[in-house]
Amino acid sequence: MGADDFLPERRTIQSLERAARRCQGCDLHRAATQTVFGEGPADAALVLIGEVPGDQEDRQGKPFVGPAGGLVDRALLQAGLDRNAVYITNAVKHFKFIMRGARRLHQKPSSRELSACRPWLVAELDAIRPQVVVCLGATAAQSVLGGEFRLTRQLMKFHVSAWTPWTIATYHPSAILRAPDDARDKMRSELFGAFRRAAERLRQR
Ligand code: URA
Ligand code: SF4
């Protein structure tokens, strides 16, 4: 179990993306439509990492194009960041869901699936070597910063990851969209703040 056997020898973003289309490193590829690999420039200074593609992402084959993507777009905009200059990916590359009637309901990936898919994320970060990484939610944060990482205790500050000392974690946009009214504004401000700190850091390089 794991993506390791599917990684190409020469690892550019382009060769990784092609190889990931055929990944069978865990069972998630069976029910999903396609691999949703990262998208964006191979030399991006900023990398955003989500958890797992959702229904829309699975259909379109691109990360963060559904409702959560709308919130990411607003977060980028208010921080003065251009989405076209950012590399956006997920900790897990295939949609995980259960059927509820005709609807496909998103499911959280297991820790086995997370570690099975991690070689793709590691290879993406190795290839890009970004200045700043923003982890959207605890799943991405744990994949990048280690399983001990606790999101709620470590908001607002940068952390040293294997790729950059400017790694920051914030709430997942989908968690914000699902949150009760009274919590939502605060969580959204935190997300927007994390993007502004990322933008500030990029301007200082
Ligand atoms: N949520 C994620 O974590 N990633 C996506 O690409 C879409 C929704
Ligand atoms: Fe491979 Fe990741 Fe898809 Fe599992 S989720 S099949 S490890 S790309």
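**Stop 1: the largest pocket**

Start with the largest pocket, which has a volume of about 690 Å³. Before you click on, note that this is a predicted model, in which local features need pLDDT of at least 70, side-chain atom pairs count only at pLDDT 80 or more, and totals for chains, interfaces and linings use all residues. Residues are numbered from 1 along each chain as its sequence is written, chains are lettered from A and ligands numbered from 1 in the order in which they are written, and side-chain values use heavy atoms, with hydrogens and water left out.

On a 1 Å grid over the protein atoms alone, a pocket is an open set of points with protein on both sides within 12 Å along at least five of seven lines, while a cavity is a set where a 1.4 Å probe fits but cannot get out; lining residues have an atom within 4 Å of a point. Grid points are joined across faces, edges and corners, and a volume is the space filled by probe spheres set on the points.

Now select Ala-68, His-106, His-172, Ser-174 and Arg-178: among the 30 residues lining this pocket, they lie nearest its centre. Colour by secondary structure next (DSSP runs, with helices H or I of at least four residues and strands E of at least two, numbered from the N terminus). At least two lining residues each come from α3 (55–60), α4 (67–78), β4 (103–106), α6 (138–145) and α7 (173–178).

By class, the lining splits into 14 nonpolar, nine polar and seven charged residues. Here Ala, Val, Leu, Ile, Met, Phe, Trp, Tyr, Cys and Pro count as nonpolar, Asp, Glu, Lys and Arg as charged, and the others, Gly among them, as polar.

**Stop 2: ligand 1**

Which ligand takes up the space of the largest pocket? Show ligand 1, and you have it; a molecule sits in a pocket or cavity if more than half of its atoms lie within 2 Å of its grid points. Around ligand 1 you will find, among others, Gly-50, Pro-53, Phe-64, Ala-68 and His-172, where being near means having a heavy atom within 4 Å. This shell has five nonpolar, four polar and two charged residues.

From Glu-51, a polar backbone atom is 2.8 Å from an oxygen atom of ligand 1. A nitrogen atom of the ligand is 3.1 Å from a backbone N or O atom of Val-52, and a side-chain N or O atom of Asn-90 lies 2.7 Å from a ligand nitrogen. On its own, ligand 1 has 240 Å² of accessible area, and the protein covers 95% of that (Shrake-Rupley method, 1.4 Å probe).

**Stop 3**

The structure holds one cavity of 30 Å³ or more, and the largest cavity has a volume of about 100 Å³. Select Cys-23, Cys-26, His-94, Cys-117 and Trp-120, the closest to its centre of 15 lining residues. Helix α5 gives the most to this lining, with three residues. In the lining, nine residues are nonpolar, five polar and one charged.

**Stop 4**

Technical notes: A polar contact is a pair of N or O atoms within 3.5 Å; within protein, one must be able to donate a hydrogen and the other to accept it, and residues adjacent in sequence count only if both atoms are side-chain atoms.
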